[in-house]
Amino acid sequence: MSEQREHPVNKFLRMDRMPSIWCPGCGIGTTVNCFTRALTECDKDLDKVAVVSGIGCTGRVAGYLNLDSFHTTHGRALPFATGLKVANPELDVVVYSGDGDLSAIGGNHFIHAARRNSDILCICVNNFTYGMTGGQVTPTTPEPAIASTTPYGAFEPTFNLPHLAASSGATYVARWTTFHVRQLARSMRDALSKKGFRFIEVIAPCPTLYLRRNRLGEALHEMRFYKEKSVIKHGADTREAALDYRGQIVVGTFVDTRRPTWLEAMNKRMSTVLGEKFVPYALPTREPKV
Amino acid sequence: MKADPKGVLTGSHYLDGDHACSEGALAAGCRFAAGYPITPSTEVVERIAARFPLVGGTFIQLEDELAASIAVIGGVWGGAKALTVTSGPGFSLMMEHIGFAAMTETPVVYIDVQRGGPSTGLPTLAAQADMMQARWGSHGDYRLIALCPNSPQECFDLTLEAFNLAEQYRVPVVVMLDEVVGHMTEKVVIPPAEQLEVTPRRWTDKPPGEFLPFAPREDLVPDLCMFGEGYRFHVTGLTHDERGYPAMNAPTQERLVRRLVDKIEKNADKILRWEEKDTEGAEVVIVSYGITSRVAQRAVEMAREKGVKVGSFRLITAWPFPHKRIAELSRSVKSLVVPELNLGQMSLEVERTVAGRCRTIPVLHAGGAVHRPEAILEAIMEVAR
């Protein structure tokens, strides 16, 4: 009998919280697996990595990762993360968010975090639906997909999230599907080692609601679909990366650039204007015991 | 411990209430603030934006009040003392995160400079109509602390105090100004740093692995740690156990929410502050707060000139409410007169507390101006007759 070995992902998880709430075939766990691989490879001090999420199925990621983690309110992971990063700049702050959480209720925070170049890695698991509440339409649900609140099919135009991120100022923008586990892990690793507002969209199956309601089969069929329909186009113009219902999925790294983060820009401005009078923010420390 | 002299603008100043709040925050050691402009509160963050870079603080103006009200919670868990400031419409937007701060026991300070409402109401004119919103505005059961300064000096003192109470009880504290107090300019004396007491954060002594971030000490308040120290802990707005893990069931809900309420109610005697004058032997006592307390003072003088035995009771802590003391007063006076710039808020709490033992006479004003002292005098004389 072979000796039982620990799964390499386990040390990144709060095993006392397993099993997760995610359905069989759900893509969120796959992205977490890739994320732990990225953490292993990027050689970060894990005590300094904080994960922040909002509400929804993807919002539960923070609670399962054995890192400092914050499960915030619906849509507000990014402004929470902005405050956390500004108050404690040595942290690596990662926001994990779903399509509804990030682009509907949190849409305003998303464009502004990108515009001001908050130093945050933002991972969006896009499964085209609000899973936690039972499969409602989101800003990414393409026409004519069925959702519980579009029983006759979705008809609103959708957000092209990589384009929204890129045009708002994100310095790193990539998209993968949960079929592309190696590429996704690599992309997460690369993004972790960069600075600025970094955005990775991961197209992921929601077998229980999105796939079933649209009679698209099981999660395995969806992996085949991702494989067949994905086209890798690094450096693609994000305007051409829009998704439609069951059509081509452009994946790859679309943007990889560098500009000053909010903190760098602020420090530069203050130093320029105030000179020696400027007292840069010091990392918080515990007050001495009385 | 004593205040960090870097942030303390020791001296005698001529400041408005909003600016005095900024200085109170600086003296308390606040080094992170987030905000979104709204009249009549913006001066608080304007001064902070100018002063912070000189003392090692960071201010960020965000895209809305929702963002500001949660960015400060992020800042606190990052290890900073943090503040945001707003007025009516922004305060409404902040309600979800005031509840979130209560649920996650985040020591954070909110300032609300009250203006006339509802909705856009009177952006530049005073009201005291957010008092019940401060208490009940977020969904679910929780308690917080709300303080009501009535002068620029007290804006300084109570903003500093708000930070101290937030740290002591791991609770959001709201400083409830009104537009007049926010914009009136008076002498503000800021003592030397060594005369200012600052409550340090309740940092845990326990190492990672042993520390439970939601396990209370005897005073029902848990200690805390900050992100990045190796604790690898979890914070959630879901009902959670002492580890901070979600535990969505009735027993955990009962234990947690009961404690969130009890930690304020059972410590109320230590939290409560009020100012009382001539209540001994009084037949009428005016219960007031904020700018209205200063108008009431004139009415009290006028009534005393007419020989009426009238005392005054000024709420400094609006929440928790001084139930015990108001109940005692209700046993010795004929009436409690409650003037306020709203159509019945704290007067309801007074009425509920006295439970019919004496008359409660609200003197209500919808806001946009302050009371005429005569209106309050009339209510006093009605009892005296």
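The contact between the two chains takes 49 residues from chain A and 55 residues from chain B, where contact means heavy atoms within 4.5 Å. This is a predicted model, in which local features need pLDDT of at least 70 and side-chain atom pairs count only at pLDDT 80 or more, while totals for chains, interfaces and linings use all residues. Residues are numbered from 1 along each chain as its sequence is written, chains are lettered from A and ligands numbered from 1 in written order, and side-chain values use heavy atoms, with hydrogens and water left out.

Now the area. Chain A and chain B bury about 4,300 Å² between them, 59% of it on carbon and sulfur atoms; buried area is the accessible area (1.4 Å probe) that two parts lose on being put together, summed over both. On the chain A side, A:F70, A:R286 and A:E287 lose the most area to chain B, together 16% of what that side buries.

A:F70 comes up again in strand pairing. Strand 2 of chain A pairs with strand 10 (residues 234-236) of chain B, in the parallel sense, over three bridges. The bridge partner of A:F70 in strand 10 of chain B is B:V235. Strands here are DSSP runs of E, at least two residues, numbered from the N terminus, and two strands pair if DSSP finds at least two bridges between them.

Last, the charged pairs. The rule finds four salt bridges across the interface of chain A and chain B, each a side-chain nitrogen of Lys or Arg within 4 Å of a carboxyl oxygen of Asp or Glu. One of them joins the side chains of B:R232 and A:D47 (2.9 Å, N to O).

Notes
Helix = DSSP H or I, 4+ residues; strand = E, 2+ residues; numbered from the N terminus.
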